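Here are my notes on the model you sent over. Have the structure open while you read, and go through the points in order.

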Amino acid sequence: MKTLKLCVLALCLFSAFNGLAQQKNEWDIRVRAIGILPQESAKIGVIGGDINISNAYVPELDITYFFAKNFSAELILGTSKHKVKTQGSNLTAIGGNSSADINLGKVWLLPPTLTLQYHLPTGTAFKPYIGAGANYTIFYNADKGPVVQAIDYQNKFSFATQAGIDYDITKTVFLNIDVKKLFLNTNATVNVANLTPAGNQSLEPVLKNIGADVKIRPWVVGIGVGYRIK
């Protein structure tokens, strides 16, 4: 049994190295419609509660380069806008409810993601692939909303995984379905010093700097069309 396992491992390694050795030099350009579906949660200081981040549906461009027969690198480019609010926050210290939702406005996300992919050699028009890589999310144009004084998000790196399938229509045009998971966390700082009670100014330094550890971890689901350049 041990010998059999070693033989299987050797065969897998040989296949991988053989695939890397065969140059392909192909470029694939895809345009997708994607849904960004956050799986959010948060630990919020002082006022507690949880976080809610809206879904977004936007166009996306991706560029894939095959550096070997079954191996490629993919860069995706797109940006999305999300509404943000807390849920169940305790505002009794400033004369509010014990379970309140706070509108934190909107924020834009720019999440360039680079993955390395392995394409299964099926020999058919169906070409499935899997991938893994890194994402760097930039938060910009944050609109604080009507309640708080200011809000700030930290840009962050995260791990990304993906799976998808291309289906050839012609030798150069194909359909694509792609699913990614981004393991994205960020730190946010909320300034609600403007809500400091007139009779309790000692709360101002606390309310000015409310930290939150936010897990966004979105699914990114896309469907689109691609063009192959050889």
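**Notes on the model**

1. Residues are numbered from 1 along each chain as its sequence is written, and side-chain values use heavy atoms, with hydrogens and water left out.

2. Back to glutamine 162, which sits in strand S11 (residues 156-168). Strands (E, at least two residues) are DSSP runs, numbered from the N terminus. Is glutamine 162 buried or exposed? Glutamine 162 counts as buried because its relative accessible area is 5%; buried means under 20%, exposed over 50%, partly exposed in between (1.4 Å probe, protein chains only). Leaving out residues up to four places away in sequence, glutamine 162 touches Glu74, Thr115, Gln117, Tyr129, Ile130, Gly131, Asp178, Val179 and Lys180.

3. How far can you trust the model? pLDDT is the predictor's confidence in each residue, from 0 to 100. The protein averages 89, and 90% of the residues score at least 70. Over residues 1-21, though, the pLDDT is below 50, and this stretch has eight contacts beyond near neighbours in sequence (contact means heavy atoms within 4.5 Å). Where pLDDT is low, the predicted coordinates should not be read in detail.

4. Now the inside. A nonpolar core is a set of buried Ala, Val, Leu, Ile, Met, Phe, Trp, Tyr and Cys residues joined through side-chain atoms within 4.5 Å. The largest one has 26 residues, and Ile51, Val84, Leu104, Phe139, Tyr153 and Val214 touch the most other members. Strands giving two or more residues to this core include S2 (41-44), S7 (100-110) and S14 (210-215), and S7 supplies the largest share, five residues. There is also a second, separate core of six residues, with Ile34, Val58, Ala160 and Leu182 among them.

5. Beyond four places in sequence, its contacts include Glu40, Val84, Leu104 and Val214. In S3, Ile51 and Ile53 are on the covered face, while Asp50 and Asn52 are on the uncovered one. S3 pairs with strand S6 (residues 80-89) in the antiparallel sense over four bridges; two strands pair if DSSP finds at least two bridges between them. The partner of asparagine 52 in S6 is lysine 85.

6. Next, an open sheet: four strands in the order S2-S14-S13-S10, with antiparallel pairing. S2 and S10 are the edge strands, each pairing on one side only. S2 and S14 pair over four bridges, and lysine 43 stands opposite aspartate 213 in S14.

7. Last, strand S15 (residues 219-229): Gly222, Gly224 and Gly226 are among the residues on its covered face, and Trp219 and Tyr227 are among those on the uncovered one. Strand S1 (residues 26-37) pairs with S15 over eleven bridges, in the antiparallel sense; here isoleucine 29 has tyrosine 227 as its bridge partner. Strand S12 (residues 173-182) also pairs with S15 in the antiparallel sense, over nine bridges, and lysine 181 is partnered with tryptophan 219.

Technical notes
This is a predicted model: local features need pLDDT of at least 70, side-chain atom pairs count only at pLDDT 80 or more; totals for chains, interfaces and linings use all residues.
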